[in-house]
Amino acid sequence: PAGQAYVSDRWIAMASVTVRLFAGAAAAAGCKEIDVEADSVATICDQLREQFGPEFARVLNASSLLVDGITAHRDLDLPELNNGATVDVLPPFAGG
């Protein structure tokens, strides 16, 4: 079915999410925003690494992630993704 993926013998709901890329992440990806379907923050990170390559992966690994303004914990897949969520990829910023 649309909006679902078959994983480990069961259907998992996929959320339609907008990912906003800032500073070095946008430069490495060549865009500032991308729409994805995913079931977790970890899945989004995997998709972005695959799509944009090793330079982007390096930036992503050093970045903070926010889901609708809430700090995301990649290892715990928190917070939960809902349709229409916005994920911000915020690389470390220099200067002040």
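Residues are numbered from 1 along each chain as its sequence is written, and side-chain values use heavy atoms, with hydrogens and water left out. Because the model is predicted, local features need pLDDT of at least 70 and side-chain atom pairs count only at pLDDT 80 or more, whereas totals for chains, interfaces and linings use all residues.

Aspartate 88 lies in strand E7, residues 85-90, where strands (E, at least two residues) are DSSP runs numbered from the N terminus. With a relative accessibility of 9%, aspartate 88 is classed as buried (under 20% relative accessible area, with exposed over 50% and partly exposed in between, for a 1.4 Å probe and protein chains only). Its side chain forms a polar contact of 2.6 Å with that of arginine 20, the term denoting a pair of N or O atoms within 3.5 Å, of which, within protein, one must be able to donate a hydrogen and the other to accept it, while residues adjacent in sequence count only if both atoms are side-chain atoms. When residues up to four places away in sequence are not counted, aspartate 88 is in contact (heavy atoms within 4.5 Å) with Arg20, Phe22, Ser64, Leu65 and Leu66.

Strand E7 pairs (at least two DSSP bridges between two strands) with strand E3, residues 15-21, in the parallel sense over 5 bridges, and valine 19 has valine 87 as its bridge partner in E7. Strand E5, residues 64-67, runs antiparallel to E7 and is joined to it by 4 bridges, with serine 64 opposite leucine 90.

The model contains 0 disulfides under the criterion of cysteine sulfur atoms within 2.5 Å. Cysteine 45 is buried at 2% relative accessibility, whereas cysteine 31 is partly exposed at 24% relative accessible area.
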